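Student: I am new to this structure, and I would like a close look at the aromatic rings and their surroundings. Could you walk me through them slowly?

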Amino acid sequence: MSGMSAAALAAFLQPFLHYRRWWIAYSGGLDSHVLLHALADLRQREKTPALTALHINHQLNPLANEWSAHCERVCAQLGIEFIAEKVAVINNGDGLEAAARRARYAAFEHHVNADELLLQAHHCDDQIETLLLRLLRGSGIAGLAAMPAQRELGQGILLRPLLQWRRADLQTYAQQHQLRWIEDDSNYNDRFDRNFLRLNILPLLAQRWPAYPDTLTRVVAQAREATLLIGELAQQDLQSMDVVDGTLPIADCIDLSATRLRNLLRYWIQQQHLSQPSREQLQQVVAMLTARADAQPCVSWPGAELHRFRDRLFAMPPLPPLPSHAIDIEWNCTQPLRIDGMGELSATTAIGTGLRSDLSYRVRNRHGGERCRPIGRAHSQTLKKLLQEYAVPSWLRDRLPIIYCGDQLAAVADLWVCDGFQPPPSESGWVIDWNATPLISN
């Protein structure tokens with residue numbers, strides 16, 4: 001290969017030869033065609049894992065089906081397995097580019113299993129474009145690290161083996177091997193941010209600063225090192241804390257400096273597999289930590305919400321809406337009962353414990369003013385007071401399934417059974433299990 005080095009590509013891929021399968025993200029454009037061809041050539045010279053080209057048809061261009069057929073023909077000529085998948089691109093208000101990317105990566109994760117790689121053809125020019133876009137969007141240090149050469153992708157791994165080469169190197173390879181690739185006309189539409197940079201801004205940078213690719217590539221490398229360092233610091237801070245079920249102790253958090261606290265929170269949120277907050281939202285989280293001891297504030301953003309409860313910080317996916325109507329469902333305890341917004345009830349049998357098995361039950365949601373007497377208590381108490389005593393988080397209290405026998409409260413989720421509804425010591429009872437949706441911790 002001229003420009004691109006066959007030896008360098010083979011050396012980069014050497015540590016990944018033990019994987020069961022290499023998937024190739026193959027759009028049919030110049031970059032992915034070069035990668036596909038180079039891997040097919042590598043397979044002729046070395047024993048590689050099984051190769052499969054995965055083509056995502058976004059159904060956005062009138063020629064999309066023709067492109068898919070072209071990709072299938074190329075793979076047939078190279079003797080590479082080909083899979084095409086059509087996806088629905090749903091714009092949720094974040095733009096067509098982001099929507100297409102979201103649909104594409106969801107398809108990738110669906111196909112790539114454990115012990116498998118997805119190889120993408122992103123190159124040095126793509127990396128520089130990503131850096132500039134993230135700078136213009138106000139990304140932090142982690143964002144300026146741009147695209148990693150390797151990261152997790154669902155159960156598998158995403159790998160970018162061409163980041164060391166320029167687009168011109170790929171064009172030279174394609175011309176030398178007389179490759180025929182797809183030219184997507186949308187690549188010349190500069191209403192898309194990435195195209196605007198590529199078509200209008202980068203040529204001007206090249207005129208004034210011809211070495212800008214090398215300079216910006218160093219910026220990416222330095223940002224990646226900085227990201228690793230601040231990640232190590234956050235990990236040390238997290239390990240020094242009394243973390244319980246993924247929750248953070250407020251007292252340990254406020255002992256940190258403001259900068260280290262923000263760094264820790266970003267790291268912790270990432271560890272919970274939640275989307276990152278904006279700087280303003282992060283400041284709201286910091287303010288939440290010093291709220292009144294009896295306050296139970298919440299900060300939310302798309303894909304995540306954080307709650308404070310009993311001097312601990314909880315992070316979770318957004319809770320589903322509460323039922324908009326009164327719930328009143330007959331339940332015989334033999335089959336799981338799932339209620340939207342509340343979770344799932346199930347029951348197993350045990351001798352001398354749980355709910356009596358000779359009675360009929362109904363499941364309802366809270367309406368306020370309930371009283372009951374848990375087994376072993378001398379007097380009845382309000383449900384509100386009992387839930388506080390049992391330390392049930394405030395955001396789960398209205399989602400509790402309340403189990404009734406007639407008009408009498410028999411049990412509250414899997415927290416307790418009310419006096420009078422337990423089975424005799426020698427008889428079978430129903431032991432309740434309640435799986436909240438979503439769980440408190442991830």
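Tutor: Start with R21, whose charged end sits over the ring of W23, 5.9 Å from the ring's centre. A charge counts as over a ring if NZ of Lys or CZ of Arg is within 6 Å of the ring centre and within 35 degrees of the ring normal. R208 is placed over the face of W209 too, at 5.8 Å from the ring centre.

A word on what you are looking at: this is a predicted model, in which local features need pLDDT of at least 70 and side-chain atom pairs count only at pLDDT 80 or more, while totals for chains, interfaces and linings use all residues. Residues are numbered from 1 along each chain as its sequence is written, and side-chain values use heavy atoms, leaving out hydrogens and water.

Now for rings that meet rings. A pair of aromatic rings is described by the distance of the centres and the angle of the planes. Rings of Phe, Tyr and Trp (its six-membered ring) pair if their centres lie within 6.5 Å; planes under 30 degrees apart are stacked, over 60 edge-to-face, and the rest tilted. By this rule there are seven aromatic pairs. In one of them, Y105 with F108, the ring centres are 5.3 Å apart and the planes stand at 75°, so the pair is edge-to-face. Both residues belong to helix α4 (residues 96–111), three residues apart, which is about one turn of the helix. (Helices, H or I of at least four residues, and strands, E of at least two, are DSSP runs numbered from the N terminus.) Y105 and F108 are both buried, a word for under 20% relative accessible area; exposed is over 50%, and partly exposed is in between, with a 1.4 Å probe and protein chains only.

F309 and W395 also make an edge-to-face pair, with 6.0 Å from centre to centre and 80° between the planes. This pair links distant parts of the chain, since F309 is in strand β9 (residues 304–309) and W395 in helix α14 (residues 394–397), 86 residues apart. F309 is buried, at a relative accessible area of 5%, and W395 is buried as well, at 9%. Elsewhere, F12, F16 and Y19 form one aromatic cluster.

Let us stay around β9 for a moment. In the loop between β9 and β10 (312–316) you will find D311. D311 has a positive phi of about 65° although it is not a glycine. Most residues other than glycine have a negative phi. With 44% relative accessibility, D311 is partly exposed.

Beyond β10, L319 is in the loop between β10 and β11 (328–331). L319 is buried, its relative accessible area being 16%. From L319 to L396 there are 77 residues in sequence but 9.4 Å in space, C-alpha to C-alpha.

Q59 is in the loop between β2 (50–57) and α3 (64–78) and is partly exposed, with a relative accessible area of 45%.
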